[in-house]
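User: I am new to this structure and would like to know what stands behind the terms used for it. Please show it and take the terms one at a time.

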Amino acid sequence: AVTIQNGDLRVDGQSVNGLLFVDESTNCVGIGTTSPSQRLTVDAGTASNSIALQLINESTTGYTTGDGGLNNIVNLTSTGTDSNQAVGLQFGLNLSGQTGASAAIGAVRLASGRAALIFRTRDNVNGQVERLRILDNGKIGINQTTVASNALIGINGTTNLARFSLESSAVLADSFVFGQGITGVTNGGFEFRDTDENATRF
């Protein structure tokens with residue numbers, strides 16, 4: 001059934017109410033909800049693993065690694081005038097009585113025709129902060145936005161040492177950490193550490 005009341009458009013199904021709702025006062029559209037909070041709000045209900053939105057691309061062109069080789073089904077675009085344009089996709093985790101948690105994936109303009117892909121997570125001290133960046137030249141920065149010209153990956157340990165950890169729960173498997181070291185070396189160094197014995201091996 002289709003009804004219009006106080007300027008609002010509402011479409012109800014035989015067994016489901018609020019299939020489509022257009023709020024005249026807020027200019028918001030709801031699917032599965034009669035109280036949309038954004039321009040488009042889709043509510044999949046309380047069923048586990050329920051998918052709220054499915055977009056289908058039926059292109060018969062296969063993927064290629066070059067420019068234009070990906071059949072994009074969603075295009076997030078910024079038309080802002082700031083030279084540091086950015087656009088992203090945010091994941092929100094809201095639990096009653098607790099501070100909301102979130103993470104985001106986005107793109108930021110570096111220069112004309114150049115963009116970087118960024119990954120952000122939230123902590124209780126700094127809020128949402130960039131953690132990883134893939135630059136336009138393929139280099140990767142972890143906790144830093146630039147990478148040295150002679151390196152492929154840049155890591156900033158901030159208050160901790162910049163290290164990699166190799167761990168396994170397999171029987172007889174050992175665990176190692178390697179990276180920046182401080183043991184017996186002036187101004188640090190590079191070391192391999194056996195995390196089980198907490199001993200420097202190299």
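Analyst: Two strands pair if DSSP finds at least two bridges between them. Strands themselves are DSSP runs of E with at least two residues, numbered from the N terminus. Val2 stands opposite Val11 in β2. The model is a predicted one, in which local features need pLDDT of at least 70 and side-chain atom pairs count only at pLDDT 80 or more, while totals for chains, interfaces and linings use all residues. Residues are numbered from 1 along each chain as its sequence is written, and side-chain values use heavy atoms, with hydrogens and water left out.

User: How do you know that β1 and β2 pair?

Analyst: Four bridges join β1 to β2 (residues 8-11), and at least two are asked for. The two strands therefore count as paired, and they run antiparallel.

User: Which strands make up the open sheet, and in what order?

Analyst: The order is β1-β2-β3-β4-β5, with mixed pairing. β1 (2-5) and β5 (40-42) each have a single partner strand, so one side of each is left without a neighbour in the sheet. Neighbouring strands are turned by 15° against each other on average, direction ignored; the angle is taken between lines fitted to C-alpha atoms, on a scale from 0 to 180 degrees between N-to-C directions.

User: What joins β3 to the strands beside it?

Analyst: Three bridges join β2 to β3, and four join β3 to β4; both pairs run antiparallel. Val11 has Leu20 as its bridge partner in β3, and Asp23 stands opposite Cys28 in β4. The hairpin of β3 and β4 has four residues between the strands, and Asn27 takes a positive phi near 60° there.

User: Why is Ser25 called exposed?

Analyst: Exposed means over 50% relative accessible area, buried under 20%, and partly exposed in between (1.4 Å probe, protein chains only). Ser25 has 61%, so Ser25 is exposed. This residue lies in the loop between β3 (20-23) and β4 (28-31).

User: What makes the link between the side chains of Ser25 and Asp23 a polar contact?

Analyst: A polar contact is a pair of N or O atoms within 3.5 Å; within protein, one must be able to donate a hydrogen and the other to accept it, and residues adjacent in sequence count only if both atoms are side-chain atoms. The distance between Ser25 and Asp23 is 2.7 Å.

User: Why is the pair of Arg114 and Asp136 called a salt bridge?

Analyst: The rule asks for a side-chain nitrogen of Lys or Arg within 4 Å of a carboxyl oxygen of Asp or Glu. The closest N and O atoms of Arg114 and Asp136 are 2.6 Å apart, so the pair meets the rule. Arg114 is in strand β8 (residues 114-123), and Asp136 is in the loop between β9 (127-134) and β10 (140-142), 22 residues apart. By this rule the count comes to four salt bridges.
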